[in-house]
Structures are given as structure tokens and as C-alpha cells.
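Please read them with the structure open beside you.

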Amino acid sequence: SQIVALGLNGRSFTDLLPLQPGIVPMTTQQPDSIVMAGVTVAIAPSGGLNAGNQSISGQREDANGFMINGGDVKELMNGGTSIVPNLDSIAEFRVLINNFDAQYGNYSGGVINVATKSGTNQLHGSGFEFLRNTAFDARSYFSPERATFRQNQFGATIGGPIVKTKVFFFGDYQGTRTVQGIDTGNKDVPSLADRTGNLSDQVLSGNVSGPFIANLLSQKLGRAVTDGEPYSSVFPGNIIPQKVWSAPAKNLLQYIPLPNVGDFTFSTGAQAKIVRDDKTSLRIDDNSQRWGQVSGYYYFDDYKVDNPYPAGQGGATVPGFNALTFGRAQLVSLGHTRTFGSSVVNELHVSFMRNANVVGQPVGGVGPSLASQGFVTGPGTTGINPLAPEIEGIENVRFNSFLMGLPITNLTQANNTYSAIDNFSKVVGNHTLMAGLQVSVEQVNVNPDATFNGSFLFTGSETGSDF
């Protein structure tokens, strides 16, 4: 599998986590792994960045906290971060893994705390462009062509005074455009002879299991087939006459790719994963002797990903069934720090974070009705009733070496997090006393579209051949 973490110099701030004792990076999902229906999917921030899921102090990867300018930005279903700021906007980055203050309670793992830059009395700015290109890449050994990889990351920052010595601003923007060809690797597919019904290059080792299949084959073949009869006898020479082919089988055959590497293998890197991400933030600080320090921070991120192989949502591993993932993350954080005399400090943070995403929305394969594929459909029948007509299409079909059809764990998910934290500190002689309060209201709304068109698994358990 390949991990691509985007950010300045191709990295996100979660990739900067030091691998100290007690921190273990979690393994990522393999591209060809199959996600079963009902499993919660992980939502990558900014469309493809590392969410920072780490095992800290032996705890689960969802036992950590993520904070930006005092605002809670943890993704509530899988435990990573929902927000990854522009690296050029970060002033301080801390990873607390043990013995941290009580003000960072509520987490049995660690706390990742980020503070962004503020403006100064001088106007300062920066700009960058980070480029990767196919011209610098080699062809994958298993792919007949060189996969495309074009990545442009660009951005800028600017900060300065609004009212000198009193009010300051700092703003930033980062855009990411990536076109990355994805190699399928070698997939075992039916040979050209197999596709005509001539399976002489395969071994039919199974036996007819039960009277229902025996009677069905008897009707189709026009001769008696008995329960327990070997399939090598049912189909002499392993020839499957088309008169016994089902209508869905005939209609679905066109979606299975033809071999292009030898007689039984398909491989390509021609299909590209396309990422478009735009993020920006603005911070304003007001320093007043009367009111103390007041700061406001707003973050906005909008992204879209077109994935040709949405295996993370139980989707296809062969071309023709791409899916879209798109979303928007926003954070509003307000902070107020004030001293009372020379020994008392009070710090207040309130924030609201919203992260709304559509994950794995089917695009490729949507349109052909189940009825047009030869299935019996509709309420009151023994067939399939498509529950979401807007995504009715080629059903999810899994063979031993590849999967085709629509994803089965696509969903819409929106997280809302309201947070308020107040910390009070007082110096008494040689001691510092601290007290505080944290209130968090966390809301997750999940609407799954799982297996609305049916899901089929073929392993060869009946005949010895999945095809």
C-alpha cells in the first residue's frame, strides 16, 4: 500500500509526530482489502491527509485528543483529527504523551496541541509551491504503463498589524491539486475462452448441492441432473452452454475487464485518483491592558476526491466504478486570557467545529437499473427492491481476486463539536494552584447507504470456480 500525506514538502503536521517511546504508528488499510457493510469508514482530513491515529502509552488510537488554539478538533468516530492547518501557519506543536497537566484530561492516550501564528508590528508574508510530476517517476513493475502522478501544492501567508502594538492579524491559504494514477496490481480474471463458456482451462471440482440446483440445471440442460453429481459430469469438457447462463450473468460480463497481461491477468495504472483541496484560516489578536488578550481564529477547508478504486468503502478494485468523497471542515475558536494582579491568570477558550462529509458517493456504475440487468425487482416480489433509486446501478460483486460494482459502505457523516474550557491559575508563595472546567458537546450524524443494490460473493464453493 502507499501512503500519501500532503502538506508543505509533502507532509502534514500529523506526520511530524515524533516516534518517541510509547508512540506506535497504526497500520493503514491495504488497497485491495474488503470492507464489509456496516463498518464505520475513516474520514481523512483535507481529502487524503494522515489523521494522526497513533497508539500512545499503550492506548487505542482513538484515545487521543487533538486541539488547535484551544479548540477541540477530534474526529469522533475514528479518533483522529478533523483539521490539518497549513504548516506555514503553525507557531507551536506539542505532543503530550504522559504526566501532562490535569487541564489536558479526558484522554487516556496523548494530546496533540497546536497553536497558530499571530501577526506582529511588521508586515510579513510568505509563499510556496511544491511540485511532483510523472516525469520523475518510474513504471510499476506490475503495470503495463507508467501511472500518472502530478501534484501541485501552493499557498501563502501574510500577517501584520491592524492597530500597531494592539490589534494584529495573520491569514493563510493552501491549495492542493493531485492527479495520481493507481496501479491495480495483477488481477486474475477470466480468460477469453472462459468468457464464452469454455472453462477447459479450469478445474470444476464441486458437486451439485441439493435438489433445487439439480432441478434448475435439469430444466436448463433438458436432461436429468442429480443431487451430488460432479460438475465435471454435468458439463463435459467444462463447457458451459449459454442456454444455462442467467440473464444477470450475461449482462454483468461486460463489466469484468479483459486480460491484458497473458491469458488470465489484468493490470493497469491508467485510472487516476484526483484530489482538489482548498484551505484557509484567519487569526486576529487584540492586546488590551484593560481587557487582557482576546483572540479569534477561523479555519475553512473544502475538498473533493475522485477515487477510481474506492476499496475503503467496499468498492471495486477494477476500473469503471469510481466514487466521490467530498466535505467541508470549519473551526471557530475564541480565546480570552487575563491577569488579575501579579499572581492570578484566567484563560478561557470556546470553540465550535463542524466537519461534514459525503464518503464514497457512487459515480461509475450508477444508472443501469437492476431490471435492465435481468433481475426481478420491485416491492412484493422475490427479487431486489432498490432502496436508494438515486444510486441504483451495478450491484457489488466480489470474486476471489477482484471486486466490481458500487461501494457498500458509502455514507454521509456530519460531526459537530461544541467546546468550552476555562483554566484558573494562582501563585501562592512557592506553589502554583490551578483549577478548571471543560464542557464538550459532541454530535455525530451518520446516514449510511450500505448495500442498497444487493451484494454478491462468489468463491467457487459450489463448482470449484468462482467465475
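1. Salt bridges come to a count of 5 in this structure, which is a predicted model. One of them joins the side chains of Asp-278 and Arg-177, with 3.0 Å from N to O, and this pair links distant parts of the chain, since Asp-278 lies in strand β12 (residues 272–288) and Arg-177 in strand β9, 101 residues apart. Asp-278 is buried, with a relative accessible area of 17%, whereas Arg-177 counts as partly exposed at 30%.

2. Arg-276 is partly exposed, at a relative accessible area of 26%, while Asp-302, at 18%, is buried. The residues of these two points belong to one network of salt bridges, in which Arg-177, Arg-276, Asp-278 and Asp-302 are linked together with Arg-328.

3. Arg-283 and Asp-285 form a salt bridge as well, with their closest N and O atoms 3.0 Å apart. Arg-283 counts as buried at 14% relative accessibility, and Asp-285 counts as buried at 2%.

4. Turning to the aromatic residues, the structure holds 7 aromatic pairs. Phe-154 and Tyr-173 make a tilted pair, with 6.2 Å from centre to centre and 45° between the planes; because Phe-154 lies in strand β8 (residues 149–163) and Tyr-173 in strand β9 (residues 167–181), the pair ties together parts that are 19 residues apart in sequence. Phe-154 is partly exposed, with a relative accessible area of 25%, and Tyr-173 counts as partly exposed at 29%. Elsewhere, Phe-399, Phe-402 and Phe-458 form one aromatic cluster.

5. Val-332, which lies in strand β14, is partly exposed, with a relative accessible area of 37%.

6. Finally, 3 strands form an open sheet of mixed pairing in the order β17-β16-β20, with β17 (403–404) and β20 (455–457) as the edge strands, each pairing on one side only. Strand β16 (residues 396–398) pairs with β17 in the antiparallel sense over 2 bridges, and Val-397 stands opposite Met-404 in β17.

How values were computed
Residues numbered from 1 in each chain as written. Predicted model: local features only at pLDDT ≥ 70, side-chain atom pairs only at ≥ 80, totals over all residues. Heavy atoms only, no water. Helix = DSSP H or I, 4+ residues; strand = E, 2+ residues; numbered from the N terminus. Buried < 20%, exposed > 50% of the residue type's maximum accessible area, 1.4 Å probe, protein only. Phe/Tyr/Trp six-rings, centres within 6.5 Å; stacked < 30°, edge-to-face > 60°. Pairing = 2+ DSSP bridges. Salt bridge = Lys/Arg side-chain N within 4 Å of Asp/Glu carboxyl O.
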